[in-house]
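Dear colleague,

I am handing over the structure we spoke about, and below it you will find my notes on what turned up when I went through it. Please read them with the structure open beside you.

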Amino acid sequence: MGGDHAPQCVMDGIRIVAKQDKDVKFLVFGDKKQIQPHLDADPLLQSVCELIHTDEVVTSDTTVSNALRNLRNSSMRLAINAVATKQAQGVVSSGNTGAYMALSKMILKTLDGINRPAIAALLPTRTGYSVALDLGANVDATPENLVQFSLMGILFSRCVLGVENPSFGLLNVGVEELKGNDRIKLAYQFLKEHPLSNNFLGYVEGDDITKGTVDVIVTDGFTGNIALKAMEGIARLLLEVIRSEIGKSIVAKIGALLASKALRATKQKLNPHGYNGAPFLGLRGIAVKSHGSTNEEGFANALHVAIRLIRNEVNEKISNELKNLSSTLSSMLDSTTTKTTVDSSL
């Protein structure tokens, strides 16, 4: 029961999904005193929810080490355990991101062939939405990690956005082959010679994210998280400026009234609740992170992301693709690393 507005936001989000999808049931982990009144007041929630009581909580201030070592009956940990023991097929939480990722990785483990899980999310673009990863799980990423992120991003785009043959690129400081650090160059070389799809477009820059140049943007978690937070800040600034300017004069208010349809569409496009729900890709179970400040619409969207990943068997698809890729990837990167070492010594 994490997040700024739990349990109200969580229960309202469940209600939205329950009305839209009759085949989904929910295990709700948290304090019975807080949650039971919501169930008692709504027959629909009663019919789709099973409450598992615990009053132990991972808060936003809880350290990762404390969550791992001491809070063994926290709602977050019990929910993840339910996926590991097959009581549930997926878990969604709005709680502490660091603790959620650490617990998920420890309990669920990574898929064979995946070194590190990645946080993926949908970002609004001129043409629709793009998938971006990693957005904060890994501050550093090896060339092998970047290739694995590419594979997972492609499959996420297919499963969640329905893009049949997603295009993808590596986020870099320029599109020229000479630019970038050694890690991204090695990943680029591998993807160029052994494409995961016929839609590898090479390097993309920061402004390509909102242009929709590619369907999948691949980067390390340090760069990705900064890009994500910057985009969210710009979106909020834009909406605040529009709102402020409209209120400054009668003429502006009349103009806003005439453009109300376009303004509503703009607000909806930039509304972060509409694309809330960031999965931890690469784990042996579906775990989706909801933004801590989201509303019921956003939490419902995170639930929908988890449901689509489960129904499309994204983990099984990642595992199957990796079986065909792993040996080639390891030998390719080993030989490329050796060559780079020799060349640099010359």
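Between the C-alpha atoms of isoleucine 226 and isoleucine 184, which are 42 residues apart along the chain, the separation is 18 Å. Please bear in mind throughout that this is a predicted model.

As to the chain as a whole, 14 helices and ten strands are assigned. Its radius of gyration is 22 Å, close to the 20 Å that the globule rule gives for 346 residues, so the chain is as compact as a globular protein of that length. Taken along the principal axes, the box filled by the C-alpha atoms is roughly 70 × 60 × 35 Å. Of the 346 residues, 48% count as buried, and the accessible surface of the chain comes to about 17000 Å², with 53% of that belonging to carbon and sulfur atoms.

Helix α5 deserves a paragraph of its own. Eight of the ten residues of this helix (residues 75-84) are buried, so α5 is largely enclosed by the rest of the structure. The buried residues are Ser75, Met76, Arg77, Leu78, Ala79, Ile80, Ala82 and Val83, a list in which you will notice an arginine, Arg77. What do the buried residues of α5 pack against? Their partners are β1 (26-30), α4 (64-69), β3 (90-93), α6 and β10 (286-289). Just after α5, lysine 86 takes a positive phi of about 70°.

I then turned to the aromatic side chains, among which the structure holds four pairs. One of them is formed by tyrosine 100 and phenylalanine 280, a tilted pair with 4.9 Å from centre to centre and 55° between the planes. This pair links distant parts of the chain, since tyrosine 100 belongs to helix α6 (residues 97-108) and phenylalanine 280 to strand β9 (residues 278-281), 180 residues apart. Both tyrosine 100 and phenylalanine 280 are buried.

Another tilted pair is that of phenylalanine 168 and phenylalanine 200, with 5.0 Å from centre to centre and 35° between the planes. Phenylalanine 168 lies in strand β6 (residues 168-171) and phenylalanine 200 in strand β7 (residues 200-204), so the pair ties together parts that are 32 residues apart in sequence. Phenylalanine 168 is buried, with a relative accessible area of 0%, and phenylalanine 200 is buried as well, with a value of 16%, since buried means under 20%. These two phenylalanines also belong to one aromatic cluster, formed by Phe168, Tyr188, Phe200 and Tyr203.

Most residues other than glycine have a negative phi, and most peptide bonds are trans. Against that background, the peptide bond from alanine 6 to proline 7 is cis, with omega near 0°, and proline 7 has its place in the segment before α1 (8-20). The peptide bond from leucine 133 to aspartate 134 is likewise cis, with omega near 0°, and here aspartate 134 is found in the loop between β5 (128-133) and α7 (143-161).

Positive phi values occur at lysine 109, where phi is near 70°, and at glutamate 313, where phi is near 50°. Lysine 109 is placed in the loop between α6 and β4 (118-125) and is partly exposed, with a relative accessible area of 46%. Glutamate 313 is found in the loop between α13 (296-311) and α14 (314-345), and it too is partly exposed, with a relative accessible area of 46%.

With best regards

Note on methods:
Residues numbered from 1 in each chain as written. Predicted model: local features only at pLDDT ≥ 70, side-chain atom pairs only at ≥ 80, totals over all residues. Heavy atoms only, no water. Helix = DSSP H or I, 4+ residues; strand = E, 2+ residues; numbered from the N terminus. Rg over C-alpha atoms; globule rule 2.2 N^0.38 Å. Buried < 20%, exposed > 50% of the residue type's maximum accessible area, 1.4 Å probe, protein only. Areas by Shrake-Rupley, 256 points an atom, 1.4 Å probe, with all protein chains shown as cover. Phe/Tyr/Trp six-rings, centres within 6.5 Å; stacked < 30°, edge-to-face > 60°. Contact = heavy atoms within 4.5 Å.
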